[in-house]
Amino acid sequence: MENSTSNKQHFSNTLINWYHQNKRNLPWRNTTSAYHIWLSEIILQQTRVSQGLPYYQQFTEKFPTIQDLANAQEDEVMRTWQGLGYYSRARNLHKCAKIITENFLGKFPESYKELLKLPGIGPYTGAAIASFAFKEPVPAIDGNAYRVLSRVFGLDHDLSESKTFRKFFEASGQLIPDNNPDDYNQAIMEFGAMHCTPKNPNCQECPFISSCFAYENNQQHLLPVKTKKTKVSKRHMNYLVFRHADTFFMKQRSGKDIWQGLYDFYCLESENNPDINEIEDKLLFSLLNSGAIVEHESTVYKHVLSHRQLFIRFYVIDVQSSANVQMLEQSDLIAFEKETLEEIPKPIIIDKFLKIYNGEQNLLIL
DNA sequence: AATCCGGGGTT
DNA sequence: AACCCAGGATT
């Protein structure tokens, strides 16, 4: 008859053994640098390893130390982040680098509790850094940990409820070994990512096949429990792409909307994506009356975010006169040369449009 | 407690 | 089309 203590040890030992035999060789696992561990964890929030890996390499190359990151221009940090999404991560990354550099002598605080006070570091990331860099036995609860723990132990708390985090945090806190917290946290995440996957988990070769609640009760597809689905709504965005020779007129997004800090074009939103002559806009009206020419209307692009379906249409306007250029600059639009455009951070759909548009121009020349 | 915030890969 | 990814901040 096993007591509960040995069952707990069995779980963490089995998990860690599996990890040592199956782990991927990832760059942030070969360092004890809190800077590099922190960087990887911020990048990997809500992001698959395969998507985050090239960004991690770019960041470590461009910003070898946290001082390099702190001293960088915000735009350069955002440009390096371009395409990863959830851009508040990049803004908080920069903000945090400055705090560490200016207030902490370049060293991260070494406890979970203190790490939580830094911008962009929440319960998961705080636990990851505390355990990986400083060996503090605090459980890191990410999507993988929720899935593995709920299936193996039959924990059916609803992930949609906020109190559920504490249930899993305490459950995993009972299991994490004091002498090996970093391997335990790495292991439960790697096991969830590679073996105990959301769909088609590899139960036949699973080290927990004889003790897993979900397998025994055939509930792999029911665990973890998540009742509330994110609601997706539609938005229609119409971009007036003002062009004058090789310069484009851009605007830096601010406020609480999507893509904060990134640059896009003059944007009009409506209930649809109208033809250009259906658009009523003072600036457009004035420009057209001063000789501007509509040179291209794009098809409607569908760009999907996790909580929005964006329907986006681009209207390229050749503004023609320098009088019109002045009018645009008075409307808070900033002129960028085609080459300089590459250096500013843009939403991926804007980047894609510019590549296609400029590519078409090149094709016409050939 | 509910909502917002990206982009991409899998199924 | 639905799901979800090494989640956190704001309302």
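Predicted model: local features only at pLDDT ≥ 70, side-chain atom pairs only at ≥ 80, totals over all residues.
Tryptophan 259 is placed in the loop between β2 and β3 (263-264). Phi of tryptophan 259 is positive, near 60 degrees, although the residue is not a glycine. At a relative accessibility of 9%, tryptophan 259 falls under the 20% limit and therefore counts as buried. Tryptophan 259 is also listed among the residues closest to DNA strand B, and it belongs to the largest nonpolar core.

Chain A contains 16 helices and 8 strands. The C-alpha trace of the chain spans about 90 × 50 × 40 Å along its principal axes. Of the 366 residues in chain A, 48% are buried. Among contacts in the chain with a separation of 6 or more, 68% are made by residues 24 or more positions apart.

DNA strand B is surrounded by 25 residues, and the closest are Tyr86, Ser162, Ile258, Trp259 and His303. Sugar or phosphate accounts for 59% of the atoms of DNA strand B within 4 Å of the protein, and bases account for the rest. On the phosphate side, an N or O atom in the side chain of histidine 303 is 2.8 Å from a phosphate oxygen of DNA strand B. Lysine 256 also approaches a phosphate oxygen, in this case through a backbone N or O atom at 3.1 Å. On the base side, an N or O atom in the side chain of serine 306 lies 2.9 Å from a base nitrogen of DNA strand B.

The interior was examined next. In soluble globular proteins, nonpolar side chains tend to be buried together. The largest nonpolar core of the model has 93 residues, of which Phe11, Trp38, Phe108, Leu149, Trp259 and Phe314 touch the most other members. Domain 1 (4-216) and domain 2 (233-365) each contribute at least three residues to this core. Within the largest core, the surroundings of phenylalanine 108 can be given in detail. Apart from neighbours within four places in sequence, phenylalanine 108 contacts Ala34, Tyr35, Trp38, Ile66, Cys96, Ile100, Leu115, Leu118 and Phe134. One of these, Trp38, is itself listed among the core members that touch the most others.

The loop between α12 (213-216) and β1 (233-244) holds proline 224, which is joined to leucine 223 by a cis peptide bond with omega of about 0 degrees. Lysine 229 is found in the loop between α12 and β1 as well. With a relative accessible area of 67%, lysine 229 is over the 50% limit and is therefore exposed. The side chain of lysine 229 reaches the backbone oxygen of lysine 226 at 3.2 Å. From C-alpha to C-alpha, lysine 229 is 35 Å from glutamine 9, and the two are 220 residues apart in sequence. In the loop between β1 and β2 (247-252) lies alanine 245. Alanine 245 is not a glycine, yet its phi is positive, at about 55 degrees.

Notes. Residues numbered from 1 in each chain as written. Chains lettered and ligands numbered in written order. Heavy atoms only, no water. Near = heavy atom within 4 Å. Polar contact = N/O pair within 3.5 Å; in protein donor to acceptor, adjacent residues only side chain to side chain. Core = buried A, V, L, I, M, F, W, Y, C linked by side-chain atoms within 4.5 Å. Buried < 20%, exposed > 50% of the residue type's maximum accessible area, 1.4 Å probe, protein only. Domains from an automatic or database assignment. Contact = heavy atoms within 4.5 Å. Helix = DSSP H or I, 4+ residues; strand = E, 2+ residues; numbered from the N terminus.
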